[in-house]
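Dear colleague,

Please read the notes alongside the coordinates.

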Amino acid sequence: MTNELLQDIADSQMVLVGIGKELEENYQGMNEDTFYGPLLAQAEEEKDSAAIIQYLRCHYVRRYPNPRIKKAYEKLTALLDRKNYFILSLSEDDYIFNSGLDRERIVTPCGGFRKLQCTERCNAEQESLVTDDKVILQVLEEIDNCNGDLSSVDFPVCTDCCDILWFNRIETPGYREEGYLTQWEKYTKWLQGTLNHKLCILELGAGMEYPSVIRFPFEKVAFFNQKSVFYRVHGKLPFLTEELSERGTSIKTDAITFLSEEGNQG
């Protein structure tokens, strides 16, 4: 983390942060794990395999959070302390919600592990999104105690069609965008207030996954706000447009390393 970035954040009135897939759990350790490997193999044989794998991944990130990602968020939390910020994140692992960052200043348009939905447009008495964390916690506890047998886990189902509920995530069939729209409205209102203010834009690990959500809009915000500075951090694609070259900085390193390495205090 550069001294220039630390100074620009200190001098800014507002800070816009974009978090991309570089700062997301990749679940690569699950297949080789003695607990998760057999469960994943069982899940692959089930009719609702994709939904069940979502629950196993939720269990994984809640029970064994990635220490490097956790540390990265700790650094980001300290960096934004007492600043007027908003974070737009593509990450779906929900680590950000277990950091010290203000949940009211975060929007995750790709969803995560905090809400459940049916993949069908059922006319059930239940709400379109199940937001009761107790339902999720119960499943996680049953996975804890399943002794390697997923048949003993009672996955929540839709009260109308009786299919297993999926997590409210962008890869879920019939993804319900209302899961993030309230926060999106807060974000767009906050963003409107950045014009003519000293704005520091920090883009962390946002490649070409959904570039119309972070990369292109952030460039547009920086272009129109002449009081802004732009930092783009990415292991492979840190490049900025020529129009932003005077106020922009490209840093070619992955976002986790950039935030979590010792010595990133400037």
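At roughly what angle do the axes of H3 and helix H5 (residues 133-144) cross, and within what distance do they come? They come within 10 Å and cross at roughly 90°, where axes are lines fitted to C-alpha atoms, for helices over the stretch in contact, and angles run from 0 to 180 degrees between N-to-C directions. H3 and H5 are therefore roughly perpendicular to each other, a label that covers 65 to 115 degrees, with angles under 35 counted as roughly parallel, over 145 as roughly antiparallel and the rest as oblique. Helices (H or I, at least four residues) and strands (E, at least two) are DSSP runs, numbered from the N terminus.

Before going further, please note that this is a predicted model, in which local features need pLDDT of at least 70 and side-chain atom pairs count only at pLDDT 80 or more, while totals for chains, interfaces and linings use all residues. Residues are numbered from 1 along each chain as its sequence is written, and side-chain values use heavy atoms, with hydrogens and water left out.

**Helix packing**

On the H3 side of the contact with H5 are Tyr55, Leu56, Cys58, His59, Arg62 and Arg63, and they meet Asp133, Ile136, Leu137, Val139, Leu140, Glu141, Ile143 and Asp144 in H5, contact meaning heavy atoms within 4.5 Å. By class, this contact has eight nonpolar, one polar and five charged residues, where Ala, Val, Leu, Ile, Met, Phe, Trp, Tyr, Cys and Pro count as nonpolar, Asp, Glu, Lys and Arg as charged, and the others, Gly among them, as polar.

H3 (residues 49-63) also packs against helix H2 (residues 36-44), the two axes coming within 8 Å and crossing at roughly 160°, which makes H2 roughly antiparallel to H3. Here Tyr36, Leu39, Leu40, Ala43 and Glu44 in H2 meet Ser49, Ile52, Ile53, Leu56, His59, Tyr60 and Arg63 in H3, and the residues of this contact divide into eight nonpolar, two polar and two charged.

**Pockets and cavity**

The largest pocket has a volume of about 430 Å³. For the search, made on a 1 Å grid over the protein atoms alone, a pocket is an open set of points with protein on both sides within 12 Å along at least five of seven lines, a cavity is a set where a 1.4 Å probe fits but cannot get out, and lining residues have an atom within 4 Å of a point; a volume is the space filled by probe spheres set on the points, which are joined across faces, edges and corners. Of the 23 residues that line the largest pocket, Asp94, Phe97, Arg103, Arg114 and Lys115 are the closest to its centre. H6 gives the most to this lining, with six residues, and the lining as a whole has eight nonpolar, six polar and nine charged residues.

The second largest pocket, of about 230 Å³, draws the largest share of its lining, four residues, from H7, and its lining is made up of five nonpolar, four polar and one charged residue.

One cavity of 30 Å³ or more is found in the whole structure, and about 50 Å³ of space lies in the largest cavity. Its lining consists of Thr108, Gly111, Gly112, Arg114, Lys115, Asn168, Gly179 and Tyr180, with the largest share, four residues, coming from E4.

With best wishes
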